[in-house]
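Please look over the protein and its ligand shown here before reading on.

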Amino acid sequence: MSTLAERLSEIEARISSAAKSANRTRQEIELIVVTKKHPVALNLDLLDLGVRNFGENRDQDAKPKALELEQLCIGKNLDYKWHFIGQLQSNKFRSALGYASVFHSLDRQSLLDSMISATSDREEPVDVFIQLNLTEDPARGGIEPVNLLKFAEAVLACSKLNLLGVMGVASLDRTPEEDFETIRHASETLCSLDPKASFISAGMSEDFETAIAYGATHLRIGGAITGKPMI
Ligand SMILES: *Cc1c(COP(=O)(O)O)cnc(C)c1O
């Protein structure tokens, strides 16, 4: 069985080689290690291996974990970040804002409304991605690509939200190539409105090399690095 360090370095090597094939640099790609369903000991091990970006998708699990890690890291002066990557109930945003600094799943007006009210008294804006719906099923959540610009205008109108770009999860309806092309096209459209919102959160364990070829800047990789869930 491979160790965490071996899996991380194998994925790092694959990211670098996919970046090279796409004529891109490793530095323009951020690796977020998704630690959901694992205990905080994994985050500690990852910190030792140099990882500074963690992804979680449930506030109920992430909040106590973030608190624990903070306690365990007192005095260590480590600059790490939590990325909230899963669907978020509007009434949980305020809680998640207690630890997460990047929200990848802004996917509907009601969540935007609660982001606007919960961030009104902040000094620093919060980083967000707009999540696209790449399925045929509107119930799956996410902004339909045709509605992206209108929704993005509403996000950009809020000075306490810093729009980084678009996020997507490849669907089972089409090939990853088709979905990542849709995301890239949506990203170009968004950039016509705000050139700074040029980042793309896409790519998971099974498809990150394809995502890199289509311009992904923020990879969210879990299982290929963390192994099977422990809890
Ligand atoms: C779990 C999860 C990931 C990571 O998935 P893996 O297949 O384990 O790499 C990425 N993005 C989201 C939104 C997730 O929920």
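## Basis of the model

The coordinates belong to a predicted model, and the distances and areas reported here should be read with that in mind.

## The ligand and its pocket

The ligand sits in the largest pocket, where the residues that surround it are Val34, Lys36, Asn57, Ile85, Met204, Ser205, Arg220, Ile221, Gly222 and Gly223. By residue class, this shell divides into four nonpolar, four polar and two charged residues.

Which side chains and backbone atoms come within polar contact of ligand oxygen atoms? In the case of Lys36, an N or O atom of the side chain is 2.8 Å from an oxygen atom of the ligand, while for Ser205 the corresponding distance, again between a side-chain N or O atom and an oxygen atom of the ligand, is 2.5 Å. Gly223 takes part through its backbone, a polar atom of which is 2.8 Å from an oxygen atom of the ligand. Taken on its own, the ligand has 390 Å² of accessible area, and the protein covers 80% of it.

Glu56 has its place in strand β2, which spans residues 53–56. Is this residue buried or exposed? Glu56 counts as buried because its relative accessibility is 2%, which falls under the 20% limit for that class. Between Glu56 and Phe84 there are 5.4 Å in space, C-alpha to C-alpha, although the two residues are 28 residues apart in sequence.

Ser105 is found in strand β4, made up of residues 100–106. With a relative accessible area of 1%, Ser105 is likewise buried, and a polar atom of its side chain lies 2.5 Å from the backbone oxygen of Gly86.

## An exposed helix residue

Ser21 lies in helix α1, which covers residues 4–21. Its relative accessibility is 65%, and Ser21 therefore counts as exposed, the limit for that class being over 50%. How far from Ser21 is Glu209, in sequence and in space? Ser21 and Glu209 are 188 residues apart in sequence, whereas their C-alpha atoms are 9.7 Å apart in space.

Definitions and conventions
Residues are numbered from 1 along each chain as its sequence is written. This is a predicted model: local features need pLDDT of at least 70, side-chain atom pairs count only at pLDDT 80 or more; totals for chains, interfaces and linings use all residues. Side-chain values use heavy atoms; hydrogens and water are left out. A residue is near a molecule or strand if one of its heavy atoms lies within 4 Å of it. A polar contact is a pair of N or O atoms within 3.5 Å; within protein, one must be able to donate a hydrogen and the other to accept it, and residues adjacent in sequence count only if both atoms are side-chain atoms. Accessible areas come from the Shrake-Rupley method with a 1.4 Å probe; for residues, only the protein chains shown count as cover. On a 1 Å grid over the protein atoms alone, a cavity is a set of points where a 1.4 Å probe fits but cannot get out, and a pocket is an open set with protein on both sides within 12 Å along at least five of seven lines; lining residues have an atom within 4 Å of a point. A molecule sits in a cavity or pocket if more than half of its atoms lie within 2 Å of its grid points. Ala, Val, Leu, Ile, Met, Phe, Trp, Tyr, Cys and Pro count as nonpolar, Asp, Glu, Lys and Arg as charged, and the others, Gly among them, as polar. Helices (H or I, at least four residues) and strands (E, at least two) are DSSP runs, numbered from the N terminus. Buried means under 20% relative accessible area, exposed over 50%, partly exposed in between (1.4 Å probe, protein chains only).
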